[in-house]
Structure formats: structure tokens, C-alpha cells
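Subject: Handing over the model

Hi,

Here is the structure I promised to pass on to you. Have a look at it first, and then read my notes on its salt bridges and a helix pair below.

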Amino acid sequence: MEDRKRDIAKERQGKYRHEFKYICSEAQLAILSVRLNGMMQRDIHAGENGSYLVKSLYFDDENDRCLMENENGTSPREKYRVRIYNNSPDRICLECKRKEMDKVKKKSCLLTMEQFKELAYGSEAGGLDSLPELAGKLAVLKKCSGMKPKVIVSYERTSYVYRSGNVRVTFDRNIASSARVGDFFAENTGRRQILPVGRQLLEVKYDEYLPDPIYHALSLANMQRITFSKYYLCRRYHM
């Protein structure tokens, strides 16, 4: 079963998915939670309270190309980040997220702590032959264009999954920014929330189609789609 899951995950890497975002109130999320609990499964990695901490370290080059492409709405565009969960070093994942219009695809690989430290804070990013392919690409960008960590983005995520259509609905609460990029694994990184109190982010992601029951469950009055980049807003917070 685990081998099959890994095969499916590998097949999905590099595949474009739809991704829509909405700003919601806690009252709206409470309504949606009741509706989704009856038809979708909670993420297996969630804790007893149904959520888990996501922390990402975003990279950009010496000219802030990723930031400027976000501001200008450039399509397609790419961002590199390292992601951990619940502040644990057990799973350190490097991701490249490519956005093209309303669709997104991601490539990822796991890093050892030594590889992470060299990519994020080292001077040479190690030998390219010893790195996974995606990490090797980031190492080249680090040497050629000065890619380095720029900001930490963290939030508490509640996630619902639905196998048909590969649907994932997430509630991201308390989105916060920190410029202390050297303290990625620290419990306290000087986090500052970027949204007004009581405002949270809803994300809806799926492959080819969104099943009708989920579409109708997500339909609420006064809920409007927005363009939202956690990286862009968290970087802007410190500029």
C-alpha cells in the first residue's frame, strides 16, 4: 500500500493542478468544516486538534526576481522553498512551485539536514553530484544568480482530502512572516501575522475536476476568489 502511494505521488509530480484561494472569516470556516467533515477525510498528518504547523523557507535571487514576477503577474513563474511540518527536522522537503495562470505544479525532493544547511547557508552548496536533481538546480541558481533564503512563512493548516479528482481543501490560519531566516528550525522566529485578526485563507486544489458535492459544499455567500501569494505578502511585510 505504501509503495502504491509513493508511485501515485511520483506520477503527480510535475502535473498541473487547479488552485483557487479565498479570504474567509472564522464563522465561514466553521460552516465549511461542518459540511466537509461528512464527505472528505482529514489529513492523516494532523494532530489531535485537526491541524499541523507548516513552515516554509523561501529563496530568491539577488535581484528579487521571484518577488518582482509576483508583483507583475508574470506567467509562468517559479519559486523555490524548503518546507517542514510541526517544526520537525525529520522531513525536510525542497519544492519548486511553478504557477501558470490558475494552475500550479510542484516538483519536490527530500533533503538531509547537511544538504539543507549547505543549500540555505553554505558558500558552495556542496558537490552537485551528491544532491538530488532538484536540489542541484537550486545549487546552480545559488552560484549563478545569488539565490538565498529571504523569508520564513508559517501557518496552521487544517486539511481535507478527497481521492476522486485528487481534491485538497485547506484552511490556513494565522499566516505569519519572519525575516530571521537563520532560525528556520527555532520555535520562536519572531513571527508577525500578515492578515487582519479573524481573517484566514481557504485554498481549493484539484486535478481535472472538482466533484459536484464538494463544489456545492464550498458555495457560500460573500466568498470571493482572490489572488494571494504567501511569499509575496510576507516579503512585503518586511520591506
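**Salt bridges and a helix pair**

Glu69 and Arg65 sit four residues apart in helix 3, about one turn of the helix. Before going further: this is a predicted model, where local features need pLDDT of at least 70 and side-chain atom pairs count only at pLDDT 80 or more, while totals for chains, interfaces and linings use all residues. Residues are numbered from 1 along each chain as its sequence is written, and side-chain values use heavy atoms, with hydrogens and water left out. Helices (H or I, at least four residues) and strands (E, at least two) are DSSP runs, numbered from the N terminus.

The side chains of Glu69 and Arg65 form a salt bridge at 3.4 Å, N to O (a side-chain nitrogen of Lys or Arg within 4 Å of a carboxyl oxygen of Asp or Glu). Glu69 is buried, at 17% relative accessible area, whereas Arg65 is partly exposed at 31% (buried means under 20%, exposed over 50%, partly exposed in between, with a 1.4 Å probe and protein chains only).

By this rule the count comes to 23 salt bridges. One of them pairs Asp207 with Arg17 at 2.8 Å, N to O. That pair links distant parts of the chain, 190 residues apart: Asp207 is in the loop between strand 10 (199-206) and helix 6 (212-217), and Arg17 is in strand 1 (residues 17-25). Both Asp207 and Arg17 are buried.

Another joins Glu203 and Lys230, whose closest N and O atoms are 2.6 Å apart. Here strand 10 supplies Glu203 and helix 7 supplies Lys230, 27 residues apart. Glu203 is buried at 2% relative accessible area, and Lys230 is buried at 7%.

Now for the helix pair. How do helix 3 (residues 65-72) and helix 7 (residues 230-237) pack? Their angle is about 110°, with the axes 10 Å apart (axes are lines fitted to C-alpha atoms over the stretch in contact, and angles run from 0 to 180 degrees between N-to-C directions). Helix 3 is therefore roughly perpendicular to helix 7 (the range for that is 65 to 115 degrees). In the contact (heavy atoms within 4.5 Å), Cys66, Leu67, Met68, Asn70 and Glu71 of helix 3 meet Tyr231, Tyr232, Arg235 and Arg236 of helix 7.

Best wishes

Terms used:
Angles under 35 degrees count as roughly parallel, over 145 as roughly antiparallel, 65 to 115 as roughly perpendicular and the rest as oblique.
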